[in-house]
Each structure stands twice: as structure tokens, then as C-alpha cells.
Amino acid sequence: MNPVFWHCPLCNESLTLVERTWVCANRHSFDRAKEGYVNLLLVNRKHSADPGDNKAMLDSRRYFLQQGFYAPLAMALGAAIREHFPDTEQALTLLDAGCGEGYYLNQLVQSLGANVQGYGTDISRAAMRLAAKQYPALAFAVASSFELPLADASVDVLVRVFAPAAEAEIVRVLKPGGLYLWAYPAAQHLFELRQLIYDAPQPHPVEELPPLDNMQECPPLAVSYPVTLPDQASIAALLHMTPYYWSASAEKQADCHHLASLDLTVDFAVRMMRKMIN
């Protein structure tokens, strides 16, 4: 693992790992947690005492994702990355911004091979604790995707799955020729679950996506397929990991908890862009 990758959130100097502490030239220091992650989210940049997803939501997400229900999305992202970087001997730095408990980052690194170094950031300390403990070969930092603790032009591939981010930051940290993949829900994503939650469900709103400076659009990906959740545990995990849980009345939640199985439409869109080489 590259010993110098993270940058100091106070002064933007490179951080170097010395024993169990990340330190910069200006002697700012950040302890490496026992699970292996580092917390680079400054207290005065937090919007709450413990921002991001809590452990219960993350546990539900981990359970759901490890059943493989969204594995086709991870496979499609990996195939797209390899198409743009076909040389398997080329070393690549891959960042998952807003990586949650680390599922997609681990899937991508496993599929892309030994020459890919995987890094993940998330605003949730609970997420980074889970990710670092489960995937010790990857590097994780508590950090905001609106202020990434990374040098300019330091990332070959940046993946963003659902998570919010400042796209100017994404452009900043990508190397010239670097690839940006943003996966988000398309119109029919989980529509059957929406039917259970809302009296008048509507297709998922799809935003108009403005162009980004210094970025060239690549053909987008569509990842859409049917899936059956075969048991109540999977249905409950999905409900608890989505915003629909907070939208559902107690009666609607109870209806979901009585289902023995659930047929769903999985519908993702992936926007892909490559940073221009000036």
C-alpha cells in the first residue's frame, strides 16, 4: 500500500504513516484507528456530532450487498474501468468516494487485479470502521467528498455510487486521462418497493446532468435487471438501508415485514467521464 496518499486536511501537505500515526511536514498528526482507518474529518467541518450513516443502516447494507443482489452493478463498473484501462500491468489508483462499508471498492479491486490500489472515503466513522475491519488490504479515511484529503491529479479512477459529492473536487483529484464513474438510481429502480411505501408511487426522478469543465463524456451505462428477494431478512435489510424506511408509515413498514419474498426491478444509470489531457 502506498505509504503517502492522504493529505493533511489542515494544511494540504502530504501525510506519511509513522508507526500508527499519519503526520505531515507541519507536524499535524492523525492517529490510525485500531481497525486501520484514519479520521481526516475536522471537527469544525462536521454538521453533526456523528455524521453519515449509522451502524444499523450500515449493517443492513452489508447484509443486503453480500447476498449479491447488486453484484451486476459492481461487475459493470469493473468492466467499464478495464475497457478504459486495458493494460492489466498498469498500476491504477482507485478511489471510492462515499464508499460506505466498502462493498463496491472491494469488488472492484478483486476484479481488476493486483495492480490496483483501492482507497475509500466516507463521512461516516461507523462506515470506515466496518470497511477497514472487513477489508484490511484497502485504505480508508473518514472524510467528506466535498473536501477530499487528496492531492490534485492523484487518482486514476474515481467511483461514486449514490453518494453526494462536489464534482469540482472530483475533477480536481483526477489525473489527466482519469475516469469518473457515477452510479445513481434510474427511473424504475426499486419501483415495486415504492409501490409498497407510497399510495401514489412515481418513477424515480432523474436529474438533468450538466457538463463538467475539463471532462469528456463517455457513453453512459445502463444496468437494469429483475431480482427476487427470497426471504424476510433480505427485504428488511433493503428497507432499512434505503431512505424509504424513513418515508414509510408504521403500517407500511409492517406490511413490508410480513412479506415472504419480493420481486424487484433493479435499475441503475452510470454516468462516465474522462478528464481531458491538456
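Strand β6 (residues 116-122) and strand β7 (residues 139-142) run parallel and are joined by 4 bridges. Two strands count as paired if DSSP finds at least two bridges between them. Strands (E, at least two residues) and helices (H or I, at least four) are DSSP runs, numbered from the N terminus. Ala139 of β7 is the bridge partner of Tyr119.

This is a predicted model, in which local features need pLDDT of at least 70 and side-chain atom pairs count only at pLDDT 80 or more, while totals for chains, interfaces and linings use all residues. Residues are numbered from 1 along each chain as its sequence is written, and side-chain values use heavy atoms, without hydrogens and water.

**The sheets**

Strands β6 and β7 belong to an open sheet of 8 strands with mixed pairing. Its edges are β4 (38-39) and β10 (215-229), which have a single partner strand each, so one side of each lacks a neighbour in the sheet. Helix α4 (residues 125-134) lies across β4, β6 and β7, at about 165° to β7.

Another open sheet has 3 strands in antiparallel pairing. Here β1 (16-18) and β3 (29-31) are the edge strands. β1 pairs with strand β2 (residues 21-23) over 3 bridges. Val18 stands opposite Thr21 in β2.

**The largest pocket**

The largest pocket has a volume of about 1,100 Å³. Closest to its centre, of 42 lining residues, are Arg61, Val161, Phe162, Ala163 and Pro164. The elements giving two or more residues to this lining are α1 (55-66), β8 (155-161), β9 (174-185) and α8 (244-247). A pocket is an open set of points on a 1 Å grid over the protein atoms alone, where a 1.4 Å probe fits, with protein on both sides within 12 Å along at least five of seven lines; lining residues have an atom within 4 Å of a point. The volume is the space filled by probe spheres set on the points, which are joined across faces, edges and corners.

**A helix pair**

The axes of helix α7 (residues 232-241) and helix α9 (residues 250-257) come within 9 Å and cross at roughly 145°. Axes are lines fitted to C-alpha atoms, for helices over the stretch in contact, with angles from 0 to 180 degrees between N-to-C directions. Contact means heavy atoms within 4.5 Å. On α7, the contact residues are Gln232, Ile235, Ala236, Leu239 and His240; on α9, they are Gln253, Cys256 and His257.
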